[in-house]
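Please view the structure first.

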Amino acid sequence: MTDNLLEDFRQLGLVAQASSEEALETHLRSGSRTVYAGFDPTADSLHIGNLVPLLALRRFQLAGHRPILLVGGATGMIGDPGGRNTERELKTREQVIRSLDRIRAQASRFLDFDCGDNSAVVVDNAQWTESMTVIDFLRDIGKHFSVNAMIAKESVRRRIEDDSIGISYTEFSYMILQSYDFVVLNRRYDCTIQMGGSDQWGNITAGIDLIRRMEGKQAYALTYPLLTRSDGSKFGKSTGGAIWLDASMTSPYAFYQFWRNASDDDAVKWLGIFTFLDSVEIERLATAMAQDPGARAAQITLADEVTRLVHGDEGLATARRISEAMFANSLGSLEADDLSQLALDGLPVTMSSGQVTLMEMLVESGLAVTPRGEVTLGQARKLIKGNAVSINGIKITDEDYVLDADNALFGRYHILQKGKKNHHLVVQKSKDPGFH
RNA sequence: GGAGGGGUUCCCGAGUGGCCAAAGGGAUCAGACUGUAAAUCUGACGCGUAAGCUUCGGUGGUUCGAAUCCACCCCCCUCCA
């Protein structure tokens, strides 16, 4: 780490655009600053996409600055024209408060909320937006915006030029609300920097302009590149959807596997963004990977580091334990205790009693999902026919195969595998009252 | 309010009376090859073992037969007012 935070960010690949870079550098060096990033409260948990700004905020905090997490209780109801054009659901007051708490709880893994002057803060923009009257809005804020300029913004122009979608006035106004957020934070917290994805550039600079007009002050923008995977697909999705930070929504094991599966092209890049390893170490891993890509050194380190960051040492340990068992071809060496531990560790489990056909079990376990997301017997059949199913490490092609105590490990465990990476544990119910 | 253009299976997008469960591409899932990578190739991709059943904005209608024709309605876009 140098004493130049912006330069560090640049080296980590965290900078897409920055406003008046030299002035921003000086600004950051000359005192403790306040920086904010917005978070959408639409989901039940933060996901790994949110990890990028979250960890960037942590870097700010480690460098002595104060991070603010702005939860879009108000703007979340509207929808950013830059984002998907699906209608937003209105959030009730309680929902927003709940997600506020949740975001604070999840963010507290990375940010310090109790360290004096640069403690992290969570705020909700509904606080100052909700009670504003239309007249106030138009008179005090709206007049500062030139429609000509707004139309010229990339995010808006794209929507206007696309004949099939268009843009509603509501969405069009999103930029104004976000700009006003920046003004309020500037007033209340002396917040001078806003960070966001590169798609936020237009909105952020609009905020800077508004601060100049209303407050006569200088503010700064910093955007990070939106992550795409090297194959162009959307970052953060995996089989079955988003990767959440909440352990009950995405198990530490699944979380770990996501990172461990990173492509070669992504792995090194992600080490910079998602871990706090120093550049020497990252460099070393990059070299190691170039020499022996099969060893997957970068992926393993990436998975270790990020999982530890999000789920702690214990979460990492269980994730690794399952991974070892499932991928190291060591099914045969597992003891009964190991298998029951896997269940406790968060490998997906289904209980069964007596005899069940393989097809039924594929459905019950949810492994037989169609590409469309439904779970059907037909899909189960196709998978078996397609040579995709194994039990306890052995391919099964018999559609009539039946799971029972006789072909189970230790009389009660079946490890059901679909494809290469989907594992499921089936446990025969026992009369043993100690087990449930 | 007026004129015009649209709404097709997860997405894009063909299809304008039977050969349509609906071309093609993407996404997704699986197989092969590998390194739990990428690329590539193969298969699947509404439900069902099958017979068959349910789809093309909605509701009715014409027809032996409709995604395709007609009526009304809903929604989206463009231009005009």
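R320 and D304 form a salt bridge, with their closest N and O atoms 2.6 Å apart. The model is predicted. R320 is partly exposed at 30% relative accessibility. D304, at 13%, counts as buried, because the cut-off for buried is under 20%.

**Salt bridges**
- E7, R10, E21, E25 and R29 belong to one network, joined by salt bridges that share partners.
- The count of salt bridges comes to 16.
- One of them pairs the side chains of R187 and E215, at 2.9 Å from N to O.
- R187 sits in helix 9 (residues 169-189) and E215 in helix 10 (residues 201-215), so this pair ties together parts 28 residues apart in sequence.
- R187 is partly exposed at 44% relative accessibility; E215 is partly exposed at 23%.
- R212 and D209 form another salt bridge, with closest N and O atoms 3.2 Å apart.
- R212 and D209 are three residues apart in helix 10, so about one helical turn separates them.
- R212 is partly exposed at 43%, and D209 is partly exposed at 29%.

**Helix 17**
- Helix 17 spans residues 377-385, and Q379, A380, L383 and I384 are buried there.
- These four cover an arc of only 135° around the axis, so they lie on the same side of helix 17.
- K382 and K385 are exposed on the other side.
- The cover over the buried residues includes helix 16 (358-364), strand 11 (389-391) and strand 14 (413-418).
- N387 follows helix 17 and has a positive phi, near 65°.

Technical notes: Residues are numbered from 1 along each chain as its sequence is written. Chains are lettered from A and ligands numbered from 1 in the order in which they are written. This is a predicted model: local features need pLDDT of at least 70, side-chain atom pairs count only at pLDDT 80 or more; totals for chains, interfaces and linings use all residues. Side-chain values use heavy atoms; hydrogens and water are left out. Buried means under 20% relative accessible area, exposed over 50%, partly exposed in between (1.4 Å probe, protein chains only). Helices (H or I, at least four residues) and strands (E, at least two) are DSSP runs, numbered from the N terminus. The arc is that of the directions from the helix axis to the C-beta atoms. Contact means heavy atoms within 4.5 Å. A salt bridge is a side-chain nitrogen of Lys or Arg within 4 Å of a carboxyl oxygen of Asp or Glu.
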